[in-house]
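Here is a short briefing for a reader new to this structure. Please look through the sequence and the model first.

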Amino acid sequence: MAETEAALRALAHNVRAARTRAGLSLDELGRRAQVSKGALVALEKAQGNPNFATLVRLADTLGVSVSALLEGPAEDRVRIVAADAVGPLWTGPRGSEARLMLTTSGPAPVEVWRWRLEPGEEYPSHPHQAGVVETVSVTSGRMTLLVDGGEHTVAAGETAAFDGDVPHTYRGAGDGPCHLVMTVHLPPGPGSAA
């Protein structure tokens, strides 16, 4: 319980700080991210419980990574994240899940995700901001990647990359679960040299 409260406090602080840096009012952030003002007020008071899609919309609107909204203060120069230390941000009814393991720092951060997709189960993602590039590297099993209406099979040992600013969906394919590592390469933030 204390860990969940600490995570909500970190999220509240990070959303408020990113909103302030961006010079956005609660009303304007809500309008741009398609999140109600009431939900944002609760979130900034560490009382909200936003779903994954809301976190993605807020991060995209604020020009930061999802994990930048979730992480507490940096503790060391090397971060090692155990597989069971991070809870899933998305779970499917058949047991699929997505875990945001970490986000690199710097002017163009990269999110590193671990996914498990059960056969036939899918996660549709809304388009991200311009400049976002995603990769999926399948470590076991097989998946179908749908990008802007096109279907692509990605099997164990294969990696696909695509611009994330179009509709895209991850779907488990084959007879067993598909395990993959996804990276989300975010564009440089405002004022960065890149």
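Predicted model: local features only at pLDDT ≥ 70, side-chain atom pairs only at ≥ 80, totals over all residues.

Residues are numbered from 1 along each chain as its sequence is written, and side-chain values use heavy atoms, with hydrogens and water left out. Helices (H or I, at least four residues) and strands (E, at least two) are DSSP runs, numbered from the N terminus.

**The sheet**

- Four strands form an open sheet in the order S4-S9-S6-S7, with antiparallel pairing. Two strands pair if DSSP finds at least two bridges between them.
- Strand S4 (122-125) and strand S7 (150-155) are the edges; each has a single partner strand, so one side of each has no neighbour in the sheet.
- From one strand to the next, the twist averages 20 degrees. Angles run from 0 to 180 degrees between N-to-C directions, and the axes are lines fitted to C-alpha atoms, for helices over the stretch in contact.
- Strands of a sheet pair through backbone hydrogen bonds, either parallel or antiparallel.

**Strand S6 and its partners**

- Strand S6 (residues 142-147) pairs with S7 in the antiparallel sense, over six bridges. Arg142 stands opposite Ala155 in S7, and Met143 stands opposite Val154.
- S6 also pairs with strand S9 (residues 168-173), again antiparallel and over six bridges. Here Val147 stands opposite His168.
- Five of the six residues of S6 are buried. Buried means under 20% relative accessible area, exposed over 50%, and partly exposed in between (1.4 Å probe, protein chains only).
- S6 and S7 form a hairpin with two residues between them. Asp148 lies in this loop.
- Asp148 has a positive phi of about 50 degrees, although it is not a glycine. With 54% relative accessibility, Asp148 counts as exposed.

**The nonpolar core**

- The largest nonpolar core has 42 residues, of which Trp115, Met143, Leu145, Tyr170 and Leu180 touch the most other members. Such a core is a set of buried Ala, Val, Leu, Ile, Met, Phe, Trp, Tyr and Cys residues joined through side-chain atoms within 4.5 Å.
- Helix H4 (residues 52-62) gives the largest share of this core, six residues.
- Leu180 touches residues including Trp113, Trp115, Val136 and Met143, not counting residues up to four places away in sequence. Contact means heavy atoms within 4.5 Å.

- In H2, Leu26, Leu29, Gly30 and Ala33 are buried.
- Seen down the axis of H2, its buried residues fall within an arc of 100 degrees, so they line one face of the helix. The arc is that of the directions from the helix axis to the C-beta atoms.
- Gln34 is in the loop between helix H2 (26-33) and helix H3 (37-44). Gln34 has a positive phi of about 60 degrees, although it is not a glycine.
- At 63% relative accessibility, Gln34 counts as exposed.

**Arg99**

- Arg99 sits in strand S2 (residues 97-103). Arg99 is buried, with a relative accessible area of 17%.
- The side chains of Arg99 and Glu97 make a polar contact (2.8 Å). A polar contact is a pair of N or O atoms within 3.5 Å; within protein, one must be able to donate a hydrogen and the other to accept it, and residues adjacent in sequence count only if both atoms are side-chain atoms.
- Leaving aside neighbours within four places in sequence, Arg99 is in contact with residues including Ala83, Pro88 and Trp113.
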